[in-house]
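The exercises below ask you to read a structure step by step, each with a worked solution. Please look at the sequence and the three-dimensional view before starting.

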Amino acid sequence: MIEPIVTFNDVHKSFGDVKVLKGIDLDIKPAEKVAIIGPSGSGKTTIIRMLMTLEQPTSGDIIVDGKNLWKMEKKGSMVDANEKHLRNVRGDIGMVFQHFNLFPHMTILENCMTAPIHVKNEDKSTAKQRSIEMLEKVGLGDKLDNYPSQLSGGQKQRVAMARALVMRPKVMLFDEVTSALDPELVGEVLEVIRDIAKEGEMAMILVTHEMDFALDVADKVLFLDEGVIAEQGTASEVIEHSTNERLQSFLHRFRS
Amino acid sequence: MLAQGLTITISVLIASAFFGYLFAFIAGLCRLSKNVILRKFTGFYVEIFRGTSLIVQLFWLYYAVPMLFGIELGSNWWVGVIAIALNYGAYMSEIVRGSILAVAKGQTEAATALNMSRFQRMRLVIFPQAVRMMLPEFGNYLIQMLKATSLVSLIGMHDILYYGDILRSSNLSQAPTVYLLVLVFYFILALPLIFLTRKMEDISKKGVASQ
Amino acid sequence: MNIWSWDVFADAFLVIVQGLGITLGLTIACYLFALIFGFFWTFLRRIPFKPLHWVITWIMEFIRSTPPLVQLFFIFYAWPMVPVVGMTLDPFTSAILGLGIHFSTYIGEVYRSGIDGVDKGQWEAARALNFSTRQKWTKIILPQAIPPTIPMLGNYLIIMFKEVPLASTIGVAGILHMANSYGAQYWTYLEPLTIVAILFLVMSYPSALLINKLEKKMNRRFDKKEALNSSKGATA
C-alpha cells in the first residue's frame, strides 16, 4: 500500500456562521490526478486553498507528505502552526490561480525565476536556465522579456503554470484555471495541463468545470455538494454512470 | 537679488522632501504593523500633524519647543525642514499605507503559493508595486512642499520670499513687479516637478495589480 | 522658571477665542468664493478653442504651483500699486481673494472630474431628448456630476480651514494672530500656540471623520471603488 501524499481527516471550515465544509475525508496518492467538481459555493476552492495554506481549517487535520500542515508540535501538544512551520511544509505544494496572479512588475522570465532564487536559494544562472526551459515547454520561449500586461489570458495562465512548476512541487493545485479565460483560449491551457499530467510524477488536484477534460485527465473525480463529498470514484463512474440525482442535474447543466 | 534666496528655498525643499518621504515610509509601515502600541502611536502622530496647520506647527516648533524643553532645534533652517517634513510625512504616510493595502490580495496569495517568507512577499512583490502607485502622489506632494518652503521666511530664513519682501519695502511702487517675479521664480522651480509628476503618472500606470 | 502655566493657558484662551469668529468666517468666505470661482475655471476650460484652453490650463497650473503666501502678499501689498485696476484692500478681503483664487483652481479640477465622471450615454440621451444647452447642464449633467464630488469638496473645506492662518501674516486677526500677539506681549508662546493647535485639532479631526463616513456612503451609492487617498493634499 502506497502512503498517500495528501490526507484530509474530518476537515471542517466555516466563514463566520456559514459552514462551507462539513467533514472532508480524502486520500490522494502520489502522482494521482484528482478532479473536484460541484456547484459554485460547494466549497471546492476552499479545499485547495486550505491545502495551499491560504485558509485555515476550522477543525480537522490536513497531512501533506507525512507532515501536519496546520498544526505543529510544541511541548508535547499540537498547536496552530506558525509562519515558520507553514514555510517548511508548503514547499511541496504549488498552485495556479483562476485570475493568474502574475507579478505585473516583472517580466515573465522574472516571474518564474524569482521564487527559485529567493526561496530555494538556487544560483541565478541555474534558475534562469530552468525557467527558460519551463517557459519553452509551455510554448512561451519567445516571450521571456514581455510583461504580463502584454500577454493574452491563455498565455498568462501558461506563465502561471510554468512559475509554479519551476518550484518542483509534489502536489499541484489548479483553481478553476480556465474560468477567467475567453472560450477560444481555454484549449491551449488545457493542452498544457494534459502534457503535465502525462509526465506523471506529480499529484494534481483540479477544481474545474470542464467535464470532458476531467473525464480525460483525472484518475479520480470528487463531486462536492453542500460541503461534503457526495460522490467519488473514477472519472467514468462519477461522470458517466452515477445515479446520484443532484449530480445528474448538475451534470445536465453542462451537457445541454 | 531674488536669486540669492534660491539656495535656501532649494536646500529646504530637498532636505524636507528627503525627511518627509522617510517619515512617510516609517509611519506608513508602522501603521500596518501588528504591534498595537506602535500603530496607535504613529496614528496619533499622523492625526496631530494632519489635523493642525503647517504654519501653526512651524511657529510651535520655533517658539514653543525651545520654551517647553529648553532645547534649540539647531538652526532656523532645521526648524523649517523638520516642520515641513513632519507635516508632509504625516500626509504621505497615508499614501504609503493606502498603496500597500491597495495591492491586490491575489499577489500576496501567489507569493505565498511560491513559499515566500513574509519579508520576501513584502520586498519582492508588494512593495515594488505599491511604490509605483505612490509615485504620482509623491510628485504632487513635492510641489506642495515647494510651496510650503515659502513659510520659512516667516521664521527669518533668507529664502526667495524674504528677499522679495526686502525689495518691496525698499521701493513700494515696485511691489507688483517684485511679487510677480517671486511667483515666477517659484513657478520655474515647480515646472520640472510638474513634468516629473506627469512622468510618474505614466510609470505608475504600468506594472501594478490593484484591486 | 515655570514652563507651563495653567493661568497663562486660561488667560490666553480667553484672548485667542476672540479670533475664532474671524478664522471661521474667513474659512467660509474663502470656501464660498472658491466654490463659485471654481465653476469659472471649469467652464472656461470647456470653451472649444485650443489656444484659450491651453492658456487657461497654464494659468491654473501657475496659481496652483506657486505659494499661496506669496499670492496673499501680492494681493495685499502689490495690488494697490498696480496701475489702473489697482486698489487698496483690507486684510480680510485680500485673504478671501488670495486664498479663494488659489483654491478655486483645485475646486475647478474637482468639478471637472465630476463632469468627466458622468456617463457618456447621458450626454447622448440629453441630446436625443432635445434638451437645450441650459437644460442639459442644469437637469442632466450637473445633478449627476456634483453629488459624487461632495466628499472631495468637503475635504477641501478642511484643507482651507488649515490654510486660513496664513492670513495672520497680513494682519487678519484670527486665532493664530491672537496667539502671536499674546505671545509677543507677554513673551510666552508655548501656551497660546498650543491652544491654537488644539483648536484646530478639535475642529478638523471630527470633520475629517465625518467626511470619511460620507465618502464611504457615497462610494457605496455611486458604486465606486474607494479612493486610494481621500485627503488629496493642497496645503502649503
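## Exercise 1: Annotated spans

Over residues 166–187 of chain C the chain is 55% helix and 0% strand, and the end C-alpha atoms are 21 Å apart. In this predicted model, local features need pLDDT of at least 70 and side-chain atom pairs count only at pLDDT 80 or more, while totals for chains, interfaces and linings use all residues. Residues are numbered from 1 along each chain as its sequence is written, chains are lettered from A and ligands numbered from 1 in the order in which they are written, and side-chain values use heavy atoms, with hydrogens and water left out.

Task: find which residues of chain C UniProt lists as "transmembrane region", and describe the span 12–43.

Solution. Start with the record: the unreviewed UniProt entry places this feature at residues 12–43, 55–79, 91–111, 166–187 and 193–211 of chain C, and such annotations may be inferred rather than shown by experiment. Then turn to the model, where residues 12–43 of chain C are 94% helix and 0% strand, with end C-alpha atoms 47 Å apart. Helices (H or I, at least four residues) and strands (E, at least two) are DSSP runs, numbered from the N terminus. For chain B, the unreviewed entry lists spans that include residues 177–196, and this stretch of chain B is 100% helix, its end C-alpha atoms lying 29 Å apart.

## Exercise 2: The sheet of chain A

Task: work out the strand order of the open sheet in chain A, and explain why β2 and β5 of chain A each have one side left without a neighbour.

Solution. First, the sheet has four strands in the order β2-β1-β4-β5, with antiparallel pairing, where two strands pair if DSSP finds at least two bridges between them. Next, β2 (18–28) and β5 (67–68) of chain A stand at the edges with a single partner strand each, so one side of each has no neighbour in the sheet. Finally, strand β1 (residues 6–15) of chain A pairs with β2(A) over eight bridges in the antiparallel sense, and A:S14 has A:K19, in β2(A), as its bridge partner.

## Exercise 3: Chain B against chain C

Task: describe how much area is buried between chain B and chain C, and which residues of chain B supply it.

Solution. Begin with the area, about 4,400 Å², of which carbon and sulfur atoms give 73%; buried area is the accessible area (1.4 Å probe) that two parts lose on being put together, summed over both. B:M67, B:K147 and B:L183 supply 15% of the area that chain B buries against chain C, more than any other three residues. Continue with the residues in contact (heavy atoms within 4.5 Å), which number 53 from chain B and 48 from chain C. One salt bridge (a side-chain nitrogen of Lys or Arg within 4 Å of a carboxyl oxygen of Asp or Glu) is counted between these chains, and C:E61 forms it with B:R198, the closest N and O atoms being 3.4 Å apart.

## Exercise 4: Chain A against chain B

Solution. Chain A and chain B each give 24 residues to the contact and bury about 1,900 Å² between them, 59% of it on carbon and sulfur atoms.
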